[in-house]
Amino acid sequence: MTSKPGSPADATRPIRLAGPGDRVFGMRFTSTPRGARLVRRLVAVRLDAWGIPYGTTAHEEIVLIAAELTANAVRHGHVPGRDFHLRLHAPAGGRCVRVEVTDTRAERLPVRPAAPDAECPQESGRGLLLVSELAARWGWHTRRDGPGKTVWAEYALGER
């Protein structure tokens, strides 16, 4: 089930920061292609350390989700001189992994992707379509601590 991005429920839902046994990784990155590449590598290393090993479907799909969300933050959420923030959260119990990417550009909001047009192939613009296909649910909300937005996706482990 995919949640509707930007719905009032998403904006008011409390974000669980971390509980006992949760695994959390968070870091700020430069809003550049290099920052996005570094996210991909660090997410891959962190997932492996958390028991989601390289070469597994879950590992590859979560890394892809993180890559697409950070590429969007760099391309559409870039504000000169401002970084983006990544937060990777695996709640205790191992049922899902949540990827959150926060940027400082509030006026460029994610749009629910339409199905791709086979007659008019595009070279770009499919990132959120991939995220919506891979994630159990995804959405966005405005930043609570400043200007901008957080785009998030939750990947369900063990259902594929």
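1. Let's start with S31, which sits in the loop that links strand 1 (23-29) to helix 2; helices (H or I, at least four residues) and strands (E, at least two) are DSSP runs, numbered from the N terminus. S31 is buried, at a relative accessible area of 9%, where buried means under 20%, exposed over 50% and partly exposed in between, with a 1.4 Å probe and protein chains only. Beyond its neighbours within four places in sequence, S31 contacts A73, V74, H78, R82, D83 and F84, a contact being heavy atoms within 4.5 Å.

2. A word on the basis of these values. This is a predicted model, in which local features need pLDDT of at least 70 and side-chain atom pairs count only at pLDDT 80 or more, while totals for chains, interfaces and linings use all residues. Residues are numbered from 1 along each chain as its sequence is written, and side-chain values use heavy atoms, with hydrogens and water left out.

3. Now the chain as a whole. It has four helices and five strands, in the order α-β-α-α-β-β-α-β-β along the sequence. Of its 160 residues, 42% are buried. Among contacts with a separation of 6 or more, 68% join residues 24 or more positions apart. The chain exposes about 9,100 Å², with 54% of that supplied by carbon and sulfur atoms; these areas come from the Shrake-Rupley method with a 1.4 Å probe.

4. How do helix 2 and helix 3 pack, and at what angle? Helix 2 (residues 33-49) and helix 3 (residues 57-76) meet at about 155 degrees, their axes 9 Å apart. Axes here are lines fitted to C-alpha atoms over the stretch in contact, and angles run from 0 to 180 degrees between N-to-C directions. That makes helix 2 roughly antiparallel to helix 3, since angles under 35 degrees count as roughly parallel, over 145 as roughly antiparallel, 65 to 115 as roughly perpendicular and the rest as oblique.

5. From helix 2 come P33, A36, V39, R40, V43, A44, L47 and D48, and they meet H59, I62, V63, A66, A67, T70, A71 and V74 of helix 3. By type, the residues of this contact are twelve nonpolar, two polar and two charged (Ala, Val, Leu, Ile, Met, Phe, Trp, Tyr, Cys and Pro count as nonpolar, Asp, Glu, Lys and Arg as charged, and the others, Gly among them, as polar).

6. Finally, A156 belongs to strand 5 (residues 149-156) and is buried, with a relative accessible area of 15%. Not counting residues up to four places away in sequence, A156 touches R95, C96 and A136. A156 and I62 are 94 residues apart in sequence and 9.7 Å apart in space, C-alpha to C-alpha.
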